[in-house]
Amino acid sequence: MRKTKFWLVLSLIATSLSIFACKKDTTSTAPVSQIGDKKALSNLSALTSVATTDYELIWSDEFNSSGNFDSTKWSYAERGTVAWNKYMTSLPAYASQDGSNLVLRMDNATVSGDPVAYHAGGVKSMGKFSLTYGKVEVRAKFTQGRGSWPAIWMMPEPATAYGGWPACGEIDIMEHVNNESVMYHTIHNSSVTNANGGSTASKSATYNTTDYNLYTMIWSPNDIRFYVNNVLQYTYTRMAGAGTQQWPFDVPFYLILNQAGGAGWPGAITNADLPFSMQVDYVRVYKLPLFSNGDFESGSLYPWTTWGGGSSVVSTDARSGTKCVRETGGETSVEQYLTGLSPNTTYRFGGYAKVSATGQSVSIGVKNYGGTAVNTAIGTTAYSNGSVTFTTGANNTTATVYFYKPLNGTVYGDDFYLEKL
């Protein structure tokens with residue numbers, strides 16, 4: 001939810017943080033800027049769909065009750081001084097359940113003791129639930145109207161881990177304004193957000209304007225990916241060696257759902273279009289799998305990253321199924337960064353590989369786990385199994401697994417796996 005003017009002076013930071021963490025306002029959407037570099041943690045290929053089979057559900061709200069929302073999961077998004085929260089109202093009339101949805105409303109009704117022109121509803125999970133890396137799914141629909149601004153988004157907790165807004169970072173899973181036939185995915189931080197609050201890391205996407213849509217965000221240490229109805233729309237990629245200006249996204253973020261409007265990006269409200277509302281069917285949050293896409297049957301390398309020569313998923317030479325990974329050209333590697341491992345724990349990483357000609361070789365290995373890198377080489381022209389074991393350090397919960405070709409030639413890999421021993 002963007003800014004129209006740069007209000008980040010020190011005194012306003014102090015005020016707004018006391019109201020609602022690391023805030024922001026509005027602006028129009030600037031052209032998309034994809035960020036990448038050699039050996040970067042890169043956006044590899046267009047993943048067209050996302051499944052939930054490899055993900056563990058860790059938090060959710062189905063909104064199947066009536067009346068007040070679940071206060072163990074949510075609290076009201078309080079009124080503040082910036083555009084999106086200017087009319088937030090902490091009353092059930094503006095944020096409640098109807099038996100199957102969370103209903104967030106905005107209207108121009110008269111509220112005793114609160115003589116503002118409009119009232120609007122929103123909720124936040126701040127202080128109740130936050131996550132670092134994972135998948136968020138929100139199924140929702142909303143009305144269109146001049147001056148309307150519904151949003152599904154995330155902010156950091158603690159708010160100022162990397163400074164005030166936009167340095168703290170912001171993840172906008174969905175925003176919609178007025179009567180537009182598109183919605184927006186946007187990232188904010190110090191490197192993509194300008195003094196007026198506009199972001200170069202933003203993408204518009206079409207959606208079903210008359211029904212529910214599924215808005216999904218997958219956040220990994222490598223990138224943040226946005227989907228509408230299971231179709232990838234935009235990827236924001238972490239650069240190699242990224243600092244906090246480009247990647248402040250390694251701290252917990254909490255969720256915000258709100259129906260706003262009448263200030264900032266959407267402009268003034270046309271009262272004839274009121275009331276505005278967003279109905280949220282469910283929110284589901286999943287833990288990232290320890291390891292995924294070992295068979296490449298998705299047709300994409302993701303969440304593997306690549307550097308060097310040429311790496312791609314191909315529909316020939318698979319060991320099983322219909323797809324495998326192929327590396328060609330000079331020195332090449334595909335790698336997957338693992339999180340959520342247990343300290344002082346032994347794992348086995350393995351897979352199957354073959355080379356296209358005698359004398360070539362390829363390695364399956366693990367590095368950055370708290371010990372010396374380990375690998376095993378395969379040089380057969382028929383698929384052979386190779387595996388290594390590694391034990392994480394006392395304080396290590398991450399590792400990088402890789403499939404590495406050191407020289408010219410072509411090699412194939414398939415059916416990689418990770419086991420806890």
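1. Let me start with Met-154, which stands opposite Ile-171 of strand S10. In this predicted model, both residues turn up again in the largest nonpolar core: that core has 52 residues, and those with the most contacts inside it are Met-154, Ile-171, Trp-219, Leu-257 and Val-283. Strand S17 supplies the largest share of this core, five residues. Apart from it lies another core, of 26 residues, including Ala-77, Val-82, Trp-149 and Trp-165.

2. Strand S10 itself (residues 170-175) is worth a look from both sides. Strand S9 (residues 148-156) runs antiparallel to S10 and is joined to it by four bridges. Four bridges also join S10 to strand S11 (residues 182-188), and this pairing is antiparallel too.

3. Is S10 enclosed or open to the outside? Six of its six residues are buried, so the strand is largely enclosed by the rest of the structure.

4. Stepping back to the whole sheet, seven strands form an open arrangement in the order S3-S7-S16-S9-S10-S11-S12, with antiparallel pairing. Which strands sit at the edges? They are strand S3 (75-76) and strand S12 (202-206), each of which pairs on one side only.

5. Now to the rings, where the count comes to 26 aromatic pairs. One of them joins Trp-84 and Trp-153 in an edge-to-face arrangement, 4.9 Å centre to centre with 85° between the planes. This pair links distant parts of the chain, since Trp-84 lies in the loop between S3 and strand S4 (95-98) while Trp-153 is in strand S9, 69 residues apart. Buried means under 20% relative accessible area, so Trp-84, at 1%, counts as buried, and so does Trp-153, at 0%.

6. A stacked example is the pair of Tyr-347 and Phe-390, at 5.6 Å centre to centre and 20° between the planes. Here too distant parts of the chain are linked: Tyr-347 belongs to strand S20 (residues 346-355) and Phe-390 to strand S23 (residues 384-391), 43 residues apart. Tyr-347 is buried, with a relative accessible area of 2%, and Phe-390 counts as buried at 2% relative accessibility.

7. There is also an aromatic cluster, formed by Tyr-133, Trp-219, Tyr-236, Trp-247, Phe-249 and Phe-253. Its member Trp-219 is also among the residues with the most contacts inside the 52-residue core.

8. Two charged side chains deserve a mention alongside the rings. The charged end of Arg-284 sits over the ring of Tyr-282, 3.5 Å from its centre. Lys-354 lies over the face of Tyr-412, at 5.5 Å from the ring centre.

9. Finally, a look at Gly-264, found in the loop between strand S16 (253-261) and strand S17 (276-287). How far is Gly-264 from Trp-149, in sequence and in space? They are 115 residues apart in sequence and 9.4 Å apart in space, C-alpha to C-alpha. Gly-264 is partly exposed, with a relative accessible area of 28%.

Technical notes
Residues numbered from 1 in each chain as written. Predicted model: local features only at pLDDT ≥ 70, side-chain atom pairs only at ≥ 80, totals over all residues. Heavy atoms only, no water. Buried < 20%, exposed > 50% of the residue type's maximum accessible area, 1.4 Å probe, protein only. Helix = DSSP H or I, 4+ residues; strand = E, 2+ residues; numbered from the N terminus. Pairing = 2+ DSSP bridges. Core = buried A, V, L, I, M, F, W, Y, C linked by side-chain atoms within 4.5 Å. Phe/Tyr/Trp six-rings, centres within 6.5 Å; stacked < 30°, edge-to-face > 60°. Lys NZ or Arg CZ within 6 Å of the ring centre and 35° of its normal.
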